[in-house]
Amino acid sequence: MKITELDKKLKDGEKLRVSILSNFTIDALAKSLKEECLEECIDTDIEISPYSQYAQQIVEKTSALYKFSPKIIFIILDIENLLGDFFISPYSFDGNQREKVFNERFEEIENLLKLLEKRINSKIVVNSLLLPINSSKGILENKEEKGIKNLVGNFNKKLENLAINDGQLFIFDTNNFCMKEGYSNFVDKRFSYIADMKLSTSAIKNLAKEYLAYIFPLESRTKKCLVLDMDNTLWGGIVGEVGIGGIKLGPNSDGKPFYDFQKKILELFERGIILAINSKNNLDDAMEVIRNHKYMILKENNFACLKINWQDKVTNMIEIAKELNIGLDSFVFIDDDPSNRELVKKFLPEVKVVDLPKEPALYCGVLDELKVFNLFNLTNEDLERGKMYVDQKKRNFLKDSLDDLNSFIEQLDVKYDILDDSKKEISRIAQITQKTNQFNLTTKRYSEEEILKFIDSENFLVKSIRIKDKFGDYGLSGLAIIRKAKDFWEIDSFLLSCRVLGKKIEFSFIDEIKNDAKSQNIKGIIARFIPTKKNSPAKAFLNEAGFKLTGEQGESKEYLFEI
Amino acid sequence: MKEIKKIVAKILEIEESKIDENSSPENIESWDSFNSLMIVSEIEDYFKMKFSTEEILAVKTLGDILRVIKSRDLENTNGTK
């Protein structure tokens with residue numbers, strides 16, 4: 001998908017032309033920026049001004065810059081090259097002299113920018129000047145009225161003022177970027193002296209990433225809608241297992257990362273980002289949290305669309321797009337489960353899938369790093385978009401169209417290991433009977449002692465299953481307890497943790513039991529489904545696994561599999 | 001050496017098989033002074049070490065780079081003993 005998109009663009013010759021004007025050696029930026037753009041399927045043609053000739057390029061009417069006619073121009077000036085000794089040893093000069101030089105330099109740049117804007121209507125991004133980190137004035141530096149930090153700060157402030165009401169001009173905050181990189185990563189003095197490279201090679205690579213924030217809106221790649229998972233994304237834990245009281249969400253300790261994450265998301269909503277939910281959950285459990293959890297920041301009326309069900313996430317995503325009537329290429333998807341992310345990446349490559357780290361403390365940072373919501377200007381409509389879509393909630397459905405789901409699961413490379421009567425894992429086995437609500441046929445809870453009795457008994461078989469796929473080990477995440485009679489086996493318990501659902505492991509697990517029974521000349525397997533408020537995901541399973549309904553007692557259903 | 005070749009090949013945009021200890025700006029066209037610095041920088045990242053300015057300026061061939069890496073290895077082993 002990505003490749004064909006790119007191919008198409010290449011054929012059309014629609015390369016994005018980018019110019020970089022600088023007063024130091026920055027050739028490496030062209031390569032890095034080209035690579036970053038290609039990652040996003042944006043093919044670029046990037047020109048760097050000849051060494052230190054940024055001013056000539058702007059002043060000369062017939063310069064290469066104007067012939068190239070870029071759609072966007074990045075201007076990045078090194079403060080040392082701009083000010084020379086006034087930056088290296090500023091206090092060798094008196095304050096008025098310093099100030100004069102700063103004012104002159106600013107005027108020069110202001111005039112260059114005005115000229116440039118008059119001659120070309122491309123977007124212009126100017127990097128602000130790097131503040132010095134030390135000064136010979138030491139602890140008295142910030143008491144100097146015309147101190148070097150003050151002067152650089154004022155210069156940057158004036159630069160920003162130029163851009164405030166100018167739709168063409170943007171200021172990239174160099175010092176903010178340097179803070180993120182750390183000064184010692186930002187500059188490499190050796191390379192600076194050897195080749196006048198004022199930015200380290202690692203800083204250049206990351207600068208290219210930062211510049212994408214300007215490239216996306218230029219290429220109409222701005223995302224509109226944030227699609228969120230719930231369990232372990234909006235709150236810690238699985239609500240279907242631990243209940244509304246057991247999830248982590250709130251202003252204290254381990255609930256705080258999720259609480260803050262929700263606040264950040266609400267902030268995006270308030271600046272016009274449409275929110276939607278795509279979650280595997282029981283609707284009732286999830287809605288109870290949204291409606292009644294004391295610390296739930298995001299409310300029902302923040303979401304334009306709620307897909308809370310047991311369908312795969314791709315189908316849900318397509319349905320969300322259809323209901324909201326916006327393209328899938330406007331979506332950002334956040335989910336803590338790597339296999340869900342892989343699924344969406346594979347089937348819907350136009351969706352931006354965020355690789356959420358395992359550590360919830362880092363969630364907010366990941367959201368801040370997203371550069372995909374930028375616009376060159378925000379209209380009132382942009383700001384209201386999130387609310388508009390909530391108001392316009394419409395219901396229309398798309399048919400399932402996922403013939404390829406099975407092949408995706410194959411690619412997950414799911415591996416499992418089934419153990420019979422393993423005493424090593426008794427505590428986990430008991431725990432999983434206590435905690436598993438969703439994919440659980442009978443929802444019988446057992447203590448460690450009871451499990452031990454089953455294991456020691458000739459009449460019972462306890463099978464536990466360990467599962468892993470290419471994304472990691474899920475550990476012991478499924479269990480079957482079988483009562484053995486002479487001719488028939490009876491499934492007392494059969495359950496899988498919801499972490500491993502959607503991979504069709506349940507079928508492999510039940511097949512294993514069928515095969516065991518067969519090898520012991522058993523005639524049939526009896527199983528029951530006892531419905532609870534939460535185990536609807538397991539409702540259809542026995543039927544799908546080839547069991548026949550033989551009877552009903554109240555709400556409980558009895559099935560038989562004949563061997 | 002395999003990793004080093006890989007790094008150098010990527011920067012110079014040539015095949016790994018064309019690289020050996022004697023590779024230098026003399027016999028590889030794309031090896032200019034700028035790429036020389038890129039090679040040093042990538043190797044520093046990979047081996048988690050730093051060249052001195054003097055060492056960078058003294059690099060004439062790939063062999064020179066290898067010698068600097070080796071000298072750091074020796075220092076490290078001596079240090080731990």
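How many helices and strands does the secondary structure of chain B come to? Chain B comes to 4 helices and 0 strands. The model is predicted. Chain A is assigned domain 1 (2–218), domain 2 (225–408) and domain 3 (413–562).

**Chain A: domains**

- Domain 1 and domain 3 of chain A have C-alpha centres that lie 63 Å apart.

**Chain A: the sheet with β1 to β5**

- This open sheet has 5 strands, and its order is β2-β1-β3-β4-β5 (chain A).
- The pairing in this sheet is parallel.
- At the edges stand β2 (44–48) and β5 (169–172) of chain A. Each has a single partner strand, so one side of each is left without a neighbour in the sheet.
- On average, neighbouring strands of this sheet are turned by 20° against each other, direction ignored.
- Strand β1 (residues 16–22) and strand β3 (residues 72–76) of chain A run parallel and are joined by 5 bridges.
- Which residue is the bridge partner of Ser19(A) in β3(A)? The partner is Ile73(A).
- As background, strands of a sheet pair through backbone hydrogen bonds, either parallel or antiparallel.

**Chain A: the sheet with β6 to β10**

- Another open sheet of 5 strands runs in the order β8-β7-β6-β9-β10 (chain A). Its pairing is parallel.
- Which strands are the edge strands here? They are β8 (303–309) and β10 (352–355) of chain A, and each pairs on one side only.
- Neighbouring strands of this sheet are turned by 20° against each other on average, with direction ignored.
- Strand β9 (residues 331–335) of chain A runs parallel to β10(A), and 4 bridges join the two.
- Phe333(A) has Val353(A) opposite, in β10(A).
- Helix α16 (residues 313–324) of chain A lies across β6 (225–228), β7 (274–280), β8 and β9 of chain A. The helix runs at about 150° to β8(A).

- Most residues other than glycine have a negative phi.
- Ser52(A) is not a glycine, yet its phi is positive, at about 65°.
- Ser52(A) sits in the loop between β2 and α3 (54–59) of chain A.
- Is Ser52(A) buried, exposed or partly exposed? Ser52(A) is partly exposed, because 15 other C-beta atoms lie within 10 Å.
- Ser69(A) also has a positive phi, of about 50°, although it is not a glycine.
- The place of Ser69(A) is the loop between α4 (64–68) and β3 of chain A.
- Ser69(A) has 11 other C-beta atoms within 10 Å, so Ser69(A) is exposed. The cut-off for exposed is 12 or fewer.

**Where chain A meets chain B**

- Chain A gives 9 residues to the contact, and chain B gives 8 residues.
- On the side of chain A that touches chain B, α2 (27–39) and α11 (189–195) of chain A are the elements that give two or more residues.
- Which element supplies the largest share of that side? α11(A) does, with 5 residues.
- By class, the side of chain A that touches chain B has 6 nonpolar, 1 polar and 2 charged residues.

**Chain B: overall form**

- Along the sequence, chain B follows the pattern α-α-α-α.
- The radius of gyration of chain B is 13 Å, close to the 12 Å that the globule rule gives for 81 residues. Chain B is therefore as compact as a globular protein of that length.
- The C-alpha trace of chain B spans about 40 × 25 × 20 Å along its principal axes.
- Of the 81 residues of chain B, 25% count as buried.
- Take the contacts in chain B between residues at least 6 apart in sequence: 45% of them join residues at least 24 apart.

**Chain B: Lys18(B)**

- Lys18(B) is in the loop between α1 (2–12) and α2 (33–47) of chain B.
- Lys18(B) has 13 other C-beta atoms within 10 Å, so Lys18(B) is partly exposed.
- Asp32(B) is 14 residues from Lys18(B) along the chain, and their C-alpha atoms are separated by 16 Å.

Conventions
Residues are numbered from 1 along each chain as its sequence is written. Chains are lettered from A and ligands numbered from 1 in the order in which they are written. This is a predicted model: local features need pLDDT of at least 70, side-chain atom pairs count only at pLDDT 80 or more; totals for chains, interfaces and linings use all residues. Two strands pair if DSSP finds at least two bridges between them. Axes are lines fitted to C-alpha atoms, for helices over the stretch in contact, and angles run from 0 to 180 degrees between N-to-C directions. Domain bounds come from an automatic or database domain assignment. A residue is buried if 20 or more other C-beta atoms lie within 10 Å of its own, exposed if 12 or fewer, and partly exposed in between; C-beta atoms are placed from the backbone. Two residues are in contact if their C-beta atoms, placed from the backbone, lie within 7 Å. Ala, Val, Leu, Ile, Met, Phe, Trp, Tyr, Cys and Pro count as nonpolar, Asp, Glu, Lys and Arg as charged, and the others, Gly among them, as polar. The radius of gyration is taken over C-alpha atoms; the globule rule is 2.2 Å times the number of residues to the power 0.38.
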